[in-house]
Amino acid sequence: MESEPLLTGSMNYGSHPDHNDHLEKGSPKTRRLSYSVAAESCCVEGGDEDLYLQQAVVFIEDAIQYRSINHRVDANSLRLYRWYFSRIWQWGLGLTIAVVLILAFIERPSSLSYTSDPRFRPPPWEPPCGLTEGIEIVCLIIFAIDLATKSYLIGWEEFRKCKWLIVYILVISASVIDWTLTLSMYCEQNLRVRRLIRPFFLLQNSSLMKKTLKCIKRTLPEIASVILLLALHLCLFTMIGMLLFAKGENPKHNGEWEAYFRDLPTSLSSLLVLLTTANNPDVMIPAYSLNRGYSIFFIMFSGFGTYFLMNLLTAIIYNQFRGYLLMSVQASILRRRLGIRAAFEVMSCQGRGQDATHSEEHVERVRVDASLQVMARVQMKSYYRQAIIKRVQQLSDGFIQWEAFRRLFDELDKDRIKEHPPKPEYNSPLLQRLQVVFSHYYVMIVGNAVALANVMCICTILVLNSEKSIAERDDYYMEVINCFFILYYLMEMSLKILAFGWRGYLSYRNNIFDGLLTVCLLVLQITIFATYRLPFPKWNPASRGLMSLWEMVRLVNMLIVVRFLRIIPDIKLMALVASTLVDLVKNLRAFAGILVVVFYVFAVLGIWLFQGAITAPGKISVISNSSMENITFNFTMECGSYEQLGYWPNNFDDFASSLVLLYNIMVVNNWQVFMDAYTRYTTEWSKVYFVSWWLTSSVMWVNLFVALILENFIYKWDRSVTCSVADVERTGYETTVQLMFREQIQEPTEEELVTQLHQHPHLHLS
């Protein structure tokens with residue numbers, strides 16, 4: 001995920017007004033830059049030799065992480081800047097954000113109960129007043145320190161331009177005020193506004209999440225036009241449906257009207273749910289039973305709406321969002337090139353500072369030894385550092401020109417080829433022969449075949465024992481089969497270690513996975529023997545210890561089934577799909593982060609609006625037993641209703657159950673059941689909440705996420721189409737959003753880079 005830049009404002013292309021004359025006097029190839037805080041042409045206030053190197057180190061780190069370089073560049077600020085972006089502070093800040101978000105599970109209404117079903121749910125544990133509030137104020141203090149550090153590092157002029165930091169102040173202030181109100185009311189405050197704005201802390205800590213949000217905002221006008229067409233389609237067919245299925249004289253023919261077209265809200269809801277196919281074919285059955293011709297109405301509605309307009313909406317969302325994301329990635333590439341150019345300029349100043357007799361031509365080159373010093377201090381992945389240093393050392397003239405310096409950092413966009421350690425050398429002919437045999441590709445195929453046979457044996461025994469009780473099962477055959485296969489796995493692992501050596505064996509990710517599960521299986525099997533002795537026919541000893549024999553055997557079998565996943569790296573397409581999923585988890589966390597924010601906000605709103613709205617009948621009768629005759633229930637056992645389906649655990653009574661309910665609605669299967677229940681227990685206006693969530697989650701965000709999965713997979717497929725299975729395993733694809741769009745991105749020109757450097761608020765270029 002992209003690191004958080006200190007300045008998230010847009011970067012303008014083109015010439016700066018104050019430097020137009022300067023840019024016109026020379027081409028990008030001959031243009032010179034200098035610092036102008038004093039009379040010298042290349043001097044930084046308080047500058048020394050180490051300061052130039054320190055500035056270059058920070059600028060290169062900014063380039064690697066796509067950060068803005070518009071921050072203070074004096075020695076003390078640079079030390080603070082590097083500390084701020086250190087792993088300790090960033091992990092600590094991320095942990096603080098996680099803690100403040102998790103508080104929603106503990107605060108009232110607490111989610112700390114084993115079930116969310118109101119019929120069986122015991123009173124949850126409620127934290128004492130001041131516990132969660134104390135944790136929260138510590139988090140808010142950390143956020144205030146984070147804000148103060150950011151504000152200082154970028155300076156007042158840049159701070160005023162950054163809307164995110166201004167909103168950051170407002171959010172912290174509002175949270176502190178609401179926190180104070182909670183304590184003043186002895187924690188009896190039901191409406192906690194700060195809950196709703198907590199996700200902002202997650203948003204502001206990721207520049208890629210901000211870009212995603214900005215791209216979504218820009219995509220909304222195009223989405224709104226299609227949604228308007230969709231609404232027109234829905235309203236038109238609603239009117240036709242109400243006319244077509246109006247109430248008639250014969251009660252037997254009024255089934256469609258009574259169930260789905262009784263009034264305007266019911267008709268709209270019925271067809272909206274049909275748009276998601278959740279109530280198909282239920283919605284048409286009463287009319288279709290009377291006349292098959294009525295099916296034409298429903299087929300036309302769903303055919304045009306579901307298969308044309310909804311897919312058109314998906315295409316527009318993907319196309320427009322992809323275009324805006326490409327623009328955002330273009331700005332990220334500009335930041336990288338700008339950071340590299342800034343490092344080159346300050347290193348040029350460092351070179352000129354050593355020898356005042358150098359002519360102006362030295363501005364466009366840096367010393368090799370200075371470049372090596374800088375690269376040794378830059379925080380980056382070791383294999384990229386080694387590749388760049390190796391290229392620098394190949395330069396023989398002692399200086400690096402700008403173009404050569406820029407090309408050094410092309411290594412950051414290359415795939416890392418993983419080299420496995422050399423195999424150990426043995427003097428014994430027997431060991432050499434075993435090494436040749438067990439390092440061969442066919443040994444892996446045999447191992448996969450044995451793993452498949454093991455899984456098939458387990459499946460066969462499970463089918464045979466599916467109807468038997470635990471007392472009727474004979475675990476003897478299962479244990480004998482498991483012992484045989486586990487011994488084979490242990491032998492295979494040992495011989496592979498012999499063939500490749502420890503380091504070579506562990507250099508393969510599938511070997512690590514395979515070996516770890518084999519060790520777990522061996523430990524479990526030894527535990528079974530120590531507890532229940534060796535197996536024999538009719539072997540079914542009494543349970544002893546923490547786990548029964550059947551539970552331990554089940555655990556062994558589950559590990560064996562999981563171990564079968566070892567075949568994934570050996571099949572090219574499966575390996576490609578698996579690596580795509582891993583890349584999505586590692587590099588597209590920002591997109592999932594937006595979904596977390598949306599879930600969080602809607603869950604808090606759901607608790608505010610619907611907490612306690614649905615109460616189980618048993619609970620009501622206990623509470624109001626003396627006046628049951630005066631209570632009117634919205635309870636119904638109609639087939640397919642919330643109550644008849646037993647959906648009681650799906651409610652908004654606490655934060656955890658709200659998240660699960662929102663997920664169930666996002667999947668859209670039977671989501672009309674929840675909407676109908678809350679309409680009956682509250683008001684018709686509750687449908688606005690459910691439809692808004694469906695549009696936000698299922699229509700918009702899921703489509704975006706699917707599109708990004710496709711983009712990621714196509715990117716990796718195109719690069720791997722000519723690779724073998726071994727090449728896919730050896731190549732560590734560092735797939736990022738920037739690399740996914742790399743071929744469509746235009747390189748910034750020299751003039752754009754120089755213009756941006758002249759606009760730096762703290763370097764004072766002239």
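# Questions on a predicted model

Reader: What joins the side chains of Arg198 and Glu107, and at what N to O distance?
Author: A salt bridge requires a side-chain nitrogen of Lys or Arg within 4 Å of a carboxyl oxygen of Asp or Glu. The side chains of Arg198 and Glu107 form such a salt bridge, with N to O at 2.6 Å.

Reader: How far apart in sequence are the parts that this pair ties together?
Author: The salt bridge is between Arg198 and Glu107. Arg198 sits in the loop between helix 7 and helix 8 (199-204), while Glu107 sits in the loop between helix 4 and helix 5, so the parts tied together are apart in sequence by 91 residues.

Reader: Which residues are linked in a network of salt bridges?
Author: Across the whole structure, 27 salt bridges are found. The network takes in Glu107 and Arg198.

Reader: Which residue forms a salt bridge with Arg108, and where do the two lie?
Author: In the salt bridge of Arg108, the closest N and O atoms are 3.9 Å apart, and the partner is Glu126. Both residues lie in the loop between helix 4 and helix 5, so the pair ties together parts 18 residues apart in sequence. Arg108 is partly exposed at 33% relative accessible area, and partly exposed at 30% is Glu126.

Reader: What is the omega of the peptide bond from Arg108 to Pro109?
Author: Most peptide bonds are trans. The bond from Arg108 to Pro109 is cis, and Pro109 is in the loop between helix 4 (87-106) and helix 5 (131-161). The omega of this bond is near -5 degrees.

Reader: What is the omega of the peptide bond from Asn280 to Pro281?
Author: Pro281 belongs to the loop between helix 11 (264-275) and helix 12 (285-290). The bond from Asn280 to Pro281 is cis, and its omega is near 5 degrees.

Reader: Is Thr277 buried, partly exposed or exposed?
Author: Most residues other than glycine have a negative phi. Thr277 has a positive phi, near 65 degrees, and is placed in the loop between helix 11 and helix 12. With a relative accessible area of 40%, Thr277 is partly exposed.

Reader: What is the relative accessibility of Cys187?
Author: Cys187 also has a phi near 65 degrees, a positive value in a residue other than glycine. Its place is the loop between helix 6 (163-184) and helix 7 (193-197). Cys187 counts as buried because its relative accessibility is 4%.

Reader: Which residues are in contact with Leu275, leaving aside its neighbours within four places in sequence?
Author: Leu275 lies in helix 11 and counts as buried at 4% relative accessibility. Its C-alpha is separated by 9.9 Å from that of Leu309, 34 residues apart along the chain. With the neighbours within four places set aside, the contacts of Leu275 are Leu230, Phe301, Gly305, Thr306, Met310 and Trp694.

Reader: How far apart in space are Leu708 and Arg322, C-alpha to C-alpha?
Author: Leu708 is placed in helix 27 (residues 686-720) and counts as buried at 6% relative accessibility. Leu708 and Arg322 are 386 residues apart in sequence, and their C-alpha to C-alpha distance is 8.8 Å.

Reader: What separates Lys161 and Glu158 within helix 5?
Author: Lys161 and Glu158 form a salt bridge whose closest N and O atoms are 3.6 Å apart. Lys161 counts as exposed at 56% relative accessibility, whereas Glu158 counts as buried at 5%. Because the two are 3 residues apart in helix 5, their separation is about one helical turn.

Reader: From which helix does the largest share of the positive patch come?
Author: The positive surface patch is formed by Lys163, Lys214, Lys217 and Arg218. Lys217 is exposed, with a relative accessible area of 57%. The largest share of the patch is 3 residues, and the helix they come from is helix 9 (residues 207-244).

Reader: What percentage of the residues of the protein count as buried?
Author: The protein has 30 helices and 4 strands. Of its 766 residues, the share counted as buried is 47%.

How values were computed:
Residues numbered from 1 in each chain as written. Predicted model: local features only at pLDDT ≥ 70, side-chain atom pairs only at ≥ 80, totals over all residues. Heavy atoms only, no water. Buried < 20%, exposed > 50% of the residue type's maximum accessible area, 1.4 Å probe, protein only. Patch = residues over 30% accessible without salt bridge, like charges linked within 9 Å, V, L, I, M, F, W, Y side chains within 5 Å. Areas by Shrake-Rupley, 256 points an atom, 1.4 Å probe, with all protein chains shown as cover. Lys, Arg positive; Asp, Glu negative; His and termini not counted. Charge placed at Lys NZ, Arg CZ, Asp CG, Glu CD. Contact = heavy atoms within 4.5 Å.
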